[in-house]
Amino acid sequence: MRCVLAALAAALALAGPLRAQNLFWLDTNYSAPALYRSDPNGFGVTSALLSPGTLPEGLAVESNGRAYFTEAAWSNARVQRVGLALQGIAPIVYGGSALRGIAVDEITGLLYWTTSNLTTGAAIQRSTIDGTALTTLVTLPPGANPRGIAVDHAGGKLYWADFDHDAIYRANLDGSLMTAWQALPPGSGPYGVAFDPGHQAVLWTEYDSGAIRGAAAAGGPGYGTLTLGLQQPTYLTVDALGTYVYWAQGAVGAQRLARMSTSGGAITVLPVPLASYGGVAFSRGSLASAPADPPAAFAVELWPIPAAGPVHVSLALPATSRVRIAVLDVQGREVARLPEETLAPGRYQREWRGAGPHGGVPAGLYFVRIDAGTHRWIRRVVLAR
């Protein structure tokens, strides 16, 4: 029995309260662009000045804090890479034009970004995370003007906003089967797109209508409208637990970085510098402080999916709860279990390292069952060895 318990403890490594994420954002300010990082409340700001006239715009961040950003300059635009400390900025893709949103797929090690060059033609492009194997994945139809892009690896989909076509488009990860997934009213001006894995939903901003809306990735009931009346919202992101959505607002005199609950409600303006709009993104599992206000609702998220390494289980607990976590195979048999524990309100993270009491489990499909008080979630996870 002691050997079994020891193996379980090694397989399901305990972590303390979730030490949240670092928040990153870009300021496209033509003469003085910059990349910033802070905690999720906008405190502890660190910055790096970027080259004038490059118009840095799209932003994506890996869980380790390594960031990638695009440049919207008309000529010689680049995809750049930088570490968590915002030092050692290095270009990995050269010679682009009007590069906009960018997304990173950590499982496959691929970057996806949009280009809105209306002369040579708009497109979705892709490369490896070191900038090699550059390819045009999707050549978009005439008049297309793409902005933000998001990736749902588990669902096998790309999502992007087309500003001029007033639609959120979707395609397979290889660029096939492109479709106007969400046709929006004329004059909406969709801009930023974010995928919320905890709620399996896609959120987007509408620059012209001033709204943030969302829909379930699989169809059926979704977010609907989160808020209206914003002044030119651009890029947006969702935190690791799907608790908050953050966005940049670009209207002259109203430039700001703000957040609100993904269930709607009050808007909080972060105390950070922003002279213009730009990309917004999180690094998961960083050393930043969590938002000070307690979770408003129970929530759970697993990431990454598929997982080549540890599976992270993130919990948001608004009340003291007895928590039980188990891993089941496709036959419903329990292959691993975390000892029960009583947790105070807050945000927590646990890990399953793909092992059971007798060692590593085979690659394949599993289900993680989480019980917290009267709440139960079952989430699918794929182990990719």
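Q: What makes the pairing of the side chains of Q80 and E71 a polar contact?
A: In this predicted model, the side chains of Q80 and E71 are joined at 3.1 Å. A polar contact needs N or O atoms within 3.5 Å, and 3.1 Å meets that cut-off, so the term applies.

Q: Where does Q80 lie, and which residues does Q80 touch beyond those up to four places away in sequence?
A: Q80 is part of strand β7, residues 77-82. With residues up to four places away set aside, Q80 touches A67, Y68, F69, E71, I89, A90 and P91.

Q: Why is Q80 called buried?
A: Its relative accessibility is 6%. Buried means under 20%, so Q80 counts as buried.

Q: How do you know that R78 forms a salt bridge with E71?
A: The closest N and O atoms of R78 and E71 are 2.9 Å apart. The cut-off is 4 Å between a side-chain nitrogen of Lys or Arg and a carboxyl oxygen of Asp or Glu, so this pair qualifies. E71 has a relative accessible area of 2% and is therefore buried. As a general point, side chains of opposite charge can pair when their charged atoms come close.

Q: How many salt bridges does a search of the whole structure find?
A: The search finds 12. One of them joins the side chains of E334 and R337 at 2.8 Å, N to O. Another joins R369 and D371 at 3.7 Å, which is within the 4 Å limit.

Q: Which residues have the most contacts inside the largest nonpolar core?
A: That core has 24 residues, and those with the most contacts inside it are L302, V313, I325, W352, Y366, V368 and I370. Elements that give two or more residues to this core include β26 (299-303), β27 (311-317) and β33 (364-372). Another core, of 17 residues, lies apart from it, with L110, V138, V151 and L173 among its residues. In soluble globular proteins, nonpolar side chains tend to be buried together.

Q: What is I370 in contact with, leaving aside its neighbours within four places in sequence?
A: I370 is in contact with V300, L302, V313, L315, R324, I325, H375, R376 and W377.

Q: Why is T205 called buried?
A: T205, in strand β18 (residues 201-206), has 0% relative accessibility. The limit for buried is under 20%, so T205 counts as buried. The side chain of T205 also reaches the backbone nitrogen of G192 at 2.8 Å.

Q: Why does G187 count as partly exposed?
A: G187 is at 43% relative accessibility. G187 is found in the loop between β16 (179-183) and β17 (190-196). Beyond its neighbours within four places in sequence, G187 is in contact with D166, D208 and S209.

Terms used: Residues numbered from 1 in each chain as written. Predicted model: local features only at pLDDT ≥ 70, side-chain atom pairs only at ≥ 80, totals over all residues. Heavy atoms only, no water. Buried < 20%, exposed > 50% of the residue type's maximum accessible area, 1.4 Å probe, protein only. Polar contact = N/O pair within 3.5 Å; in protein donor to acceptor, adjacent residues only side chain to side chain. Contact = heavy atoms within 4.5 Å. Core = buried A, V, L, I, M, F, W, Y, C linked by side-chain atoms within 4.5 Å.
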